[in-house]
Amino acid sequence: MNIQESIHTGIQLAFQNIFNHDLPMDQISLAPTRKEFEGTYTFVVFPYLKISKATPEATANLIGEYLKENVDVVAGFNVVKGFLNLELDNMVWVNVFQKLYANENIGQLPANGQKVMVEYSSPNTNKPLHLGHLRNNFLGFAVANILEANGYEVIKANLVNDRGIHICKSMVAYQHFGNGETPESSGLKGDHLAGKYYVIFDQKYKEQIAELKANGQGEEEAKKNAPLLLEAQDMLRKWEANDGEVVALWKKMNEWVYAGFEKTYQRMGVSFDQYYYESNTYLLGKDIVAEGLEKGVFYTKENGSVWVDLTDEGLDEKLVLRGDGTSVYITQDMGTADLKYKDFGINKSVYVVGNEQDYHFDVLFKIMKKFGRPYGDGLYHLSYGMVDLPTGKMKSREGTVVDADDLMQEMIDTAAAHTQELGKIDGFNEAQAKELYETLGLGALKYFLLKVDPKKRMLFNPQESIEFQGNTGPFIQYSHARIASILRKAEQIGVSYDNADFSGLSKIEDPESSLIYLLNDFDKKITQAGLDYSPSVLAQYLFDLAKEYNRFYAELPIFLENDPNVLAFRVALSAHTAKTLKKGMNLLGIAVPERM
């Protein structure tokens, strides 16, 4: 039985013995005691005054006395109004630490027999990845890691939007203005090259609209009649008809883009187990429409279009197939949902997509539940807000969207300048320094984007993110490097701390018990982050842990300790903190340096 279970049981027995009342375990909750009061856990008695028929203070004192007398881990208590603050025997924390220290699989919960697919990234092959994609990829990868740590078998998937009118726009512009340019001849990554022609298309298209308007056409008419747009529409029809020349150009340009994406993904530190391509999935779902008509889930209107009525679900009527038999997005998404289940037999499916698609996924999930699919209750939209930048802080390749490659490089350059300025690379050779800048720059970027609740729109401040103080990635990374340095020194002077038997200690100090209390919360925070699909829960925990370790380090100088048992204990406590920080940051997709 762990500490909280012991206290819960004690409280239950207190109610039976003092107030002759059977209090269900699920009605008992403990909160961490606020820093300004003595104690570890607080039990709030206000909800139970009808049972005790006494004042809040009297009720708390009666329960406190009972726990002190009957529960081994409770050494004392204090009462502040109706708040019963429980003070634990601090040697209890030594036993807790020994169990933690002996666990070789920290941060990994047992397998739960469930499969989950996390779909993220979902780029378009007509342009490079941008700042919004960074939040998407970092969120998706971190959530996949966290779910794996929660015991799920995880499949990381990427549904690539590789077809459609937007792709044809890049292709048409390349045909007209490319002059045979390639990534090799231009020195551009393939995704940037395709993006260049998407921008050129837009520029030339606007010129054509202006010209048509000058010749007397209205705005809307000119937009529809611009020759480049008509050509792109014709190209899409040819692609759908499998025209050899069009398909060859499409394959060539997409291959350039995939090669470019791969470099970006590698630098981001994200990966995928399964790729789906819209060119293979866009015709899916029509069989589900037929099934829906047969089962009465869908209905047909006079023009032959097929709809679903979701008014009883608080939504409206939604088109699922046009009257001419062509698909809409929801059609292929229904088909892809079934395909994922067919491929992997998943219990859950997490879609990491921006909050502008909230309505779309609400509709999709309600439809699939109506069909009674086995995965229907496991569909989840990890909806996230936009990322804003302080004006003028970052370069943009086209002046409108911040390019992911540019932003990552600028963060690495900023980390280099900041680290050199603070003199944290003494003794590093060029290759080691370069690796450190990459670790710090990308760590700062990832942590800053992940520490905010995904649902919130956020402001990314590059300068703030790279600081070595405050709630930043580099602060946690620096804390890990500091502990790694302590462990190297301990090894040099022969401190043996591998044996987790610290039962000979006579007492431990408050910073030590506070640190163990936090370390003991690691699995709980991983569980919570998994339930909430929110890496921010874990990010905040790691910041609190690094902060608490730095307090411990400042108040209890490790190598000034004369008692060899205490010295070994403090080094072991440091080692386990480093292990926890490293595991937690790795779950967020962030590396930690061994020295700085």
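This is a predicted model: local features need pLDDT of at least 70, side-chain atom pairs count only at pLDDT 80 or more; totals for chains, interfaces and linings use all residues.
1. Leu588. Residues up to four places away in sequence not being counted, Leu588 touches Ala142, Tyr447, Leu450, Pro535, Leu538, Ala539 and Leu542.

2. Overall figures. The protein has 596 residues, and 53% of them are buried. Its secondary structure comprises 23 helices and 14 strands. The C-alpha trace spans about 90 × 65 × 40 Å along its principal axes. Of the contacts between residues at least 6 apart in sequence, 73% join residues at least 24 apart.

3. Helix H20. H20 (residues 510–519) is largely enclosed by the rest of the structure, because 9 of its 10 residues are buried. The buried residues are Pro511, Glu512, Ser513, Ser514, Leu515, Ile516, Tyr517, Leu518 and Leu519. The elements that cover them include strand S1 (31–32) and strand S2 (41–44), together with helix H4 (91–102), helix H21 (522–532), helix H22 (535–555) and H23.

4. Packing of H1 on H3. The axes of helix H1 (residues 3–19) and helix H3 (residues 56–70) come within 9 Å and cross at roughly 115 degrees. The crossing is right-handed. On the H1 side the contact involves Ile7, Gly10, Ile11, Leu13, Ala14, Phe15, Asn17, Ile18 and Phe19, and on the H3 side Thr59, Leu62, Ile63, Tyr66 and Leu67. By class this contact has 11 nonpolar residues, 3 polar ones and no charged ones.

5. Glu119. This residue is in strand S5 (residues 115–119). Its relative accessible area is 5%, so Glu119 counts as buried. Neighbours within four places in sequence aside, Glu119 is in contact with Ala157, Leu159, Lys340, Val350, Tyr351 and Val352. Leu573 is 454 residues from Glu119 along the chain, and the C-alpha atoms of the two are separated by 38 Å.

6. Ser122 and Phe141. Ser122 lies in the loop between S5 and H5. Its phi is near 45 degrees, a positive value in a residue other than glycine. Phe141 is within H5 itself (residues 131–149). With a relative accessible area of 12%, Phe141 is buried. Its contacts, not counting residues up to four places away in sequence, are with Tyr120, Lys156, Gly269, Val270, Ser271 and Gly589. Tyr120 is 21 residues from Phe141 in sequence, and their C-alpha atoms are 7.8 Å apart.

7. Asn179. A positive phi in a residue other than glycine is also found at Asn179, with a value near 50 degrees. Asn179 sits in the loop between helix H6 (165–177) and helix H7 (183–186). Its relative accessibility is 76%, so Asn179 counts as exposed.

8. Thr331. Helix H14 (residues 329–344) contains Thr331. Its relative accessibility is 0%, so Thr331 counts as buried. The Thr331 side chain reaches the backbone nitrogen of Val328 at 2.9 Å. Apart from neighbours within four places in sequence, Thr331 is in contact with Leu284, Gly285, Lys286, Val289, Val320 and Leu321.

9. Thr419. Thr419 lies in helix H16 (residues 404–422). It counts as buried because its relative accessibility is 0%. Residues up to four places away in sequence being left out, Thr419 touches Lys424, Ile425, Leu436, Tyr437, Leu440 and Phe468.

Note on methods. Residues are numbered from 1 along each chain as its sequence is written. Side-chain values use heavy atoms; hydrogens and water are left out. Helices (H or I, at least four residues) and strands (E, at least two) are DSSP runs, numbered from the N terminus. Buried means under 20% relative accessible area, exposed over 50%, partly exposed in between (1.4 Å probe, protein chains only). A polar contact is a pair of N or O atoms within 3.5 Å; within protein, one must be able to donate a hydrogen and the other to accept it, and residues adjacent in sequence count only if both atoms are side-chain atoms. Contact means heavy atoms within 4.5 Å. Axes are lines fitted to C-alpha atoms, for helices over the stretch in contact, and angles run from 0 to 180 degrees between N-to-C directions. A crossing is left-handed if the near helix is turned anticlockwise from the far one by less than a right angle, and right-handed if clockwise. Ala, Val, Leu, Ile, Met, Phe, Trp, Tyr, Cys and Pro count as nonpolar, Asp, Glu, Lys and Arg as charged, and the others, Gly among them, as polar.
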